[in-house]
There are 4 protein chains.
Amino acid sequence: MTPSESPAEIDRADPEAEIAARATSFRNWGRWGDDDVLGTLNFIDAEKRVEAAGLVREGTVISLSQSFDTDGPQKGWRRRTNPVHTMTDTGVDAERENQGFPHGIGGADDVISMPLQCSTQWDGLGHIFDHGFAWNGRRAGDVVTSEGDLVTGIEHAASVIVSRGVLLDLGRHLEHESHELADGYAISASELDACALAQGVTIGRGDIVLVRTGRLSRARREGWGEYAGGPSAGLSLTTAGWLHRTEIAAIATDTWGFEVRPNEFDVPSFQPLHQVVIPNIGLTIGEMWDLDELARSCAERSRWDFLLSAPPLRITGAVGSPINPVAVF
Amino acid sequence: MTPSESPAEIDRADPEAEIAARATSFRNWGRWGDDDVLGTLNFIDAEKRVEAAGLVREGTVISLSQSFDTDGPQKGWRRRTNPVHTMTDTGVDAERENQGFPHGIGGADDVISMPLQCSTQWDGLGHIFDHGFAWNGRRAGDVVTSEGDLVTGIEHAASVIVSRGVLLDLGRHLEHESHELADGYAISASELDACALAQGVTIGRGDIVLVRTGRLSRARREGWGEYAGGPSAGLSLTTAGWLHRTEIAAIATDTWGFEVRPNEFDVPSFQPLHQVVIPNIGLTIGEMWDLDELARSCAERSRWDFLLSAPPLRITGAVGSPINPVAVF
Amino acid sequence: MTPSESPAEIDRADPEAEIAARATSFRNWGRWGDDDVLGTLNFIDAEKRVEAAGLVREGTVISLSQSFDTDGPQKGWRRRTNPVHTMTDTGVDAERENQGFPHGIGGADDVISMPLQCSTQWDGLGHIFDHGFAWNGRRAGDVVTSEGDLVTGIEHAASVIVSRGVLLDLGRHLEHESHELADGYAISASELDACALAQGVTIGRGDIVLVRTGRLSRARREGWGEYAGGPSAGLSLTTAGWLHRTEIAAIATDTWGFEVRPNEFDVPSFQPLHQVVIPNIGLTIGEMWDLDELARSCAERSRWDFLLSAPPLRITGAVGSPINPVAVF
Amino acid sequence: MTPSESPAEIDRADPEAEIAARATSFRNWGRWGDDDVLGTLNFIDAEKRVEAAGLVREGTVISLSQSFDTDGPQKGWRRRTNPVHTMTDTGVDAERENQGFPHGIGGADDVISMPLQCSTQWDGLGHIFDHGFAWNGRRAGDVVTSEGDLVTGIEHAASVIVSRGVLLDLGRHLEHESHELADGYAISASELDACALAQGVTIGRGDIVLVRTGRLSRARREGWGEYAGGPSAGLSLTTAGWLHRTEIAAIATDTWGFEVRPNEFDVPSFQPLHQVVIPNIGLTIGEMWDLDELARSCAERSRWDFLLSAPPLRITGAVGSPINPVAVF
């Protein structure tokens, strides 16, 4: 039986069963062979990229990245802190001529310490496990050790993530005035379809879908508050089927955690949609993207698709990557 | 008098004069207004990006990034180390069920500590100073303090660096068999032009030029050795005029330091071309790019231009950024 | 004229004058020669250490260190974060036999990223400047560059800080019930003397004085709150003379910032006592020490002095050091 | 049968058996109860500390710490790098008045990133496992996860490691001229006894023994070379019985790895003595100590024992700690 796509029909007392139903129904293990390390990123094909490049008619670039600095939303949960950026050489030193360089050259240099998922990022396929299993049915402990992700590290996606991007501005679609969904609002599959329809845009295989909830707009206005991990609109667990059948390559949101929070259960639960889509569907998820300027631009143009270039950093064995995704019109 | 473009004519005893001649001749200060923070990146216009997108005919993506891990070339010079990537949660832990999460979900998470210029990167405009002056004539100490680059931080380029890329494979052009230039080989302006001519490609305003020397190919074969800071082919100081008059937006090489090493002087000197081009021309420089697969692809296709997407991470106040540049054909 | 030692007599509108009066009155520049790098630590002599060792009669050790972990009080002010401790190898990995070691050996290893003053620490002599001057009258910019403290780095104290410690439990002395001073309470010189007298302990040259306010006891009970940088009892600016004439080697408190907060001015001010005592007196200051167990032990024994061993880590060029000070009875 | 204490009698083809014989013979599991987290540190009692304090007759302190900076011996093996110390505020900035502080105060502040075992350090009890077992017979995976050492973290030793220290200068004892043992020299139990006898010093329960090989003296003279992990004199596997029956509290050397390297086998092996002494005996091991000045002082005084204060930093869950051990005479 196909799992329900109505958020109202979730059994809020039984996350195990609700997750398992979707994990088994939508599991893509083996779909791209036993050695696959890309999951749904495989849906991006050459034709899709040529189509995406064809969307570039104006030559405008919009960065979809939030800032990386100590003024970010992280509070130390599971050692996720904000980035610490420090200088090893500065212009003040150069001007004071204490650097020991010849002929008037001076330099500034810098280092950073940060969680790979502290700001705008991709979750790699090794980021989440389902009952000890990683993407494609591998044992979690065979994939990600203290040395990093030995199998599906994010470096494997270094030459992949350029495709057609589609913005679904659910905030604007559902909240005509504020353009911001309420915390705890669970976006359903039918709402995703309705939003696409209202915007006049289609979604197909290999696309990268960007869902704007308006959560970041509010954080920008009111301060970070509980942006990192607290209540937020986001995708309902019941969208798992939609995420599977649309054959999208990846999805990203303007929220900390992509799916609705609190999660849709009355018993202890944590990111159930992640548990379905990363290890089972093999879906790459983006979080903490800044979709506000993009949303304004799309609305002005009445155009909701664009070339999206969002390759991860080539960090060997990483289970996530800081990124600066760019939309090109 | 226009500075010579012949490497043989450099006065190897007088770096101050050789640098000053070029700094004053090619200085772009004020060209884009007093408040400019982008320098030659301003040459990338909408038309150029549309042209670049038009080069995407196959839908192929090639990453131009080296790896980010502890097996890199850095040796600690001025505290430039290789990245240290560590896990805060792993699949081994998830499988052993010690993470405290409900309903069978497990996770892996990671952090990184690294110099921003430890591997494939852009130098920001605040990276180099000339006699205490930064890009656009600002005092170095007004621009880059211990808090970072307060004026020209790399975050300002977050929505900019998507353009037409052109590969000039000097290694292949000058060394028909090995495709690798000898250490210390100073590439001249006329050789850059001859290479473009031989390849049948033109270079114009707003392009991003990638110069392959073959230095990385050798490091890959022989081990890192002195890749970071040691001898290498690279651009001659005498190419400053070429870099200025072509009105390119940025340039990148497959070497540690972009310009020839040892530098072209018999007295103590250090990266004189940097001193001319970053603070004076306002040129963004890429270093440690991996141009080998790109070179093979270009040669096979007999096509040397492509869409290049290489936005920096949005790190507030950074004077450099790790990147994963991608060429799209 | 000797500056007043009554907190009530501070001109709360004129920090410049109040600071300058004490800086000039109590300045120790040149007292230990032009090359001095130790300041008042010079007061610890061999005789003092023998006396201190003679205080060890029970063989009991009490650590005066708070914990170093992500659950600390720091909130990112000026990039002061809590420590991030991560594992590069774990027992979970060892047990799963994925480490590649022979004959059944397994290992765990770890790394840390932290501000040197994130938890229990010494301020080095290069930590604070007075109008651009560092300890002993040196120009601040000649002492601490982006390379670190080139002159008075904390490594110079590596073989020094073992002496007689004396606890002054001002919390207990002034608040008989709660043993906790109120936030904003400015401890005066006469109260320091009265506390010593009441405890029956003398303070002399070379001693290290530990002042307990009770601020940490409260943070332990109520949560960190504004422990880092917020309101707290602490030493009044007017104690500068006492700190000078007692010829103590160093002083430490159980608070974030040693001196009373808010500072004793109605106009913008920041740590005025630091400005007097570090660059001018050459006093080494300890902050964020845990004096609670020590206080209980001292009260039980009616003994307030002990051997104190608190050498800094030998971090080259550091302006502060994490420490684990131990009191031995 | 008691395992041989002659290095010549080791079966160089069978590390498993040689290790197992000693692990089972000298195992201290349960000796201090099921909940023990200190191992042989329990041997330090109050009487021992009073005895140690009684050794302080001159008031002289000698730091036994190497430096912590980027010029250290580490080369990245298993992500062990040298410390990276960076400034977040400097005197150069203060002097240029760009820090935004009132009334002429300026400040310098700093951060560090480092492996906890990059320089002078203690190995914690969670650092090494034997066939998946940690100290006191616990499962390695129950003790050290990605969150750190949940049971025997080094913070438990914060109030413990002050005792009598005894230097055994094997370099001087066996090499009268150079005072440096040859690489690969395996120190035997009988040599440890003979050295103590020659020096006229006894070793007993609760002492902390410091073994000088001269390896650091050579590194200081010749450069680091292979100091970290390469050939070195050190303790033979056959000293396990001596380490057990002397009931010493801890041991430290001036080498990277405490035991002789290469290890005493002709087949692949790695630190077999660690495998015996940490998880089985519960011995705390110090590595990379600087014993050279101490050795000179001891020889001059003809005194080989002293008060040793070497508490670890209170880093929650750490399996090692950077330290600055001090000897007080």
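Modeller: Let me begin with helix H6 of chain A, whose buried residues pack against strand E9 (162-169), helix H5 (170-174), strand E10 (186-187), strand E11 (208-212), strand E12 (234-235) and helix H8 (240-245) of chain A. Helices (H or I, at least four residues) and strands (E, at least two) are DSSP runs, numbered from the N terminus. This is a predicted model, in which local features need pLDDT of at least 70 and side-chain atom pairs count only at pLDDT 80 or more, while totals for chains, interfaces and linings use all residues. Side-chain values use heavy atoms, with hydrogens and water left out, and residues are numbered from 1 along each chain as its sequence is written.

Colleague: What makes the buried residues of H6(A) line one face of the helix?

Modeller: The buried residues of H6 (residues 189-199) are A:Ala189, A:Glu191, A:Leu192, A:Cys195, A:Ala196 and A:Gln199, where buried means under 20% relative accessible area, exposed over 50% and partly exposed in between (1.4 Å probe, protein chains only). Seen down the axis of H6(A), they fall within an arc of 165°, so they line one face; the arc is that of the directions from the helix axis to the C-beta atoms. The face turned away from that buried side carries the exposed residues A:Leu197 and A:Ala198.

Colleague: Why is B:Cys195 called buried, and how do you know how many disulfides there are over all chains?

Modeller: B:Cys195 has 0% relative accessibility, and therefore counts as buried. A disulfide is a pair of cysteine sulfur atoms within 2.5 Å, and a search of the whole structure finds 0 of them over all chains. The sulfur of B:Cys195 is 11 Å from the closest cysteine sulfur, in B:Cys298, which is too far for a bond. D:Cys195 is likewise in no disulfide, the nearest cysteine sulfur, that of D:Cys298, being 11 Å away.

Colleague: What is the relation between chain A and chain B, and why is it called that?

Modeller: A rotation of 180° with 0.0 Å of shift along its axis superposes chain A on chain B (RMSD 0.0 Å), and that is the relation of a two-fold axis. The copies are superposed by least squares on the C-alpha atoms of residues with pLDDT of at least 70 in both. Of the residues of chain A, A:Ser113 comes closest to the rotation axis, at 2.1 Å (C-alpha).

Terms used: Chains are lettered from A and ligands numbered from 1 in the order in which they are written. Contact means heavy atoms within 4.5 Å.
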